[in-house]
Amino acid sequence: MLQSRLKIYKAARKRLIAGDYNCISFKPFLPDMSRIIPGIIRGSYWCITSYSNVGKTPLAKFMFVLIPYYFKLLYKPNLNLKILYFALEEGQESFYDSMICARYNELSGDTIDIHTINGYNDKPVREEALTMIESEEFKQWFDGFDKCVTVISYMSKVSDIIAYIDRFAEGRGTVTEDKYQANDPNEYVEIVVDHINMLDKADSTLRDQMSEWSKYVVQIACKKYNYVVCNVHQQAAEGENAQYNKFNKNEAALTNLGDNKALQRDYHIILGMNMPQRYESGIKEHNGYDLTKLGDPGMYRYVKALKNRFGPNFGKGLAFDYYTLKFDELTKTKKNAIH
């Protein structure tokens, strides 16, 4: 085993010296966070958690869809990236609406949302916006996106999701009882479940279904297939009441993971996202971050590593741009930008 691991270390060093990467690096996108968590590592099991309407899904889309896709486009074009996004809460059309709006807003500097683009409000979308979305540049970006991302919105039973992933693995490599060998060594597969609290109860309780899914992730998806898995995991609603506010200011916590707290033992990394201005009107500062410097204080989010099996925990203030689905790291007014 020592010699086997040494061979891996030497190969990893050689790739870095050649300017290559050994993971999907966060450094170009979240440089401060990358000092603690370098990036998305094969075989890792993640959780993104917060209370309702704080931004769990946008953060999951940013970290596990947009960052990997941009990383492939900009830094590692030979990366054989595949993202299986099990959208239990939104439909496939809604998912793509959010991505189309985000790409348009990034390219144009203008802002449209899913209500405007679908004509749900009384202000028609500008013709120039549709012209850009119809352009060849826009089409090429999404052609590449479609090759990397598959959105599955018709499936919520654990047994169906497991069968889908197993068939997917069998189609991309050699699967034996205890081993998986990908056909392409540059394969990088991510599985996102958004969100896990909406799994079909089937013939048992939701807690049991969540446990069954997590057991499969640990033993098969991560350990055997070497895939990356991220669960979007809702915090329990009671965590937002006055009693919790008194003790922890309604911050996301391991003890408040909704419907199945025991899953915290399985996750390698748990990122809790907080929105303190939701509970404290007129808040101007949070953990050393000056909210008044943001154009809109409502953009502020605080992401905290509630668990990090690979290193120390940390917290980081982010500015969330709803229109582009991007999160930018903020600079503290005090020293120690990340802690």
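Two strands pair if DSSP finds at least two bridges between them, and the elements are DSSP runs numbered from the N terminus, with helices being H or I of at least four residues and strands E of at least two. This is a predicted model, where local features need pLDDT of at least 70, side-chain atom pairs count only at pLDDT 80 or more, and totals for chains, interfaces and linings use all residues. Residues are numbered from 1 along each chain as its sequence is written, and side-chain values use heavy atoms, leaving out hydrogens and water.

Q: Which residue takes a positive phi in the hairpin of β14 and β15?
A: This hairpin has 4 residues between its strands. The residue with a positive phi, near 60 degrees, is L325.

Q: Which strands stand at the edges of the sheet?
A: The open sheet has 9 strands with mixed pairing, in the order β5-β4-β8-β9-β3-β10-β13-β14-β15. Each edge strand has a single partner strand, so one side of it is left without a neighbour in the sheet. The edge strands are β5 (149–152) and β15.

Q: What is the bridge partner of L84 in β5?
A: Strand β4 (residues 80–87) runs parallel to β5, and 4 bridges join them. For L84, the partner in β5 is T150.

Q: What angle does the direction of α7 make with that of β4?
A: Helix α7 packs on the sheet and touches β4 and β5 (contact means heavy atoms within 4.5 Å). Axes are lines fitted to C-alpha atoms, for helices over the stretch in contact, and angles run from 0 to 180 degrees between N-to-C directions. The angle between α7 and β4 is about 75 degrees.

Q: Which residues of α7 make the contact with α4?
A: On the α4 side, the contact is made by F95, Y96, M99, I100, R103, Y104 and L107. From α7 come E137, F138, W141, F142, F145 and D146.
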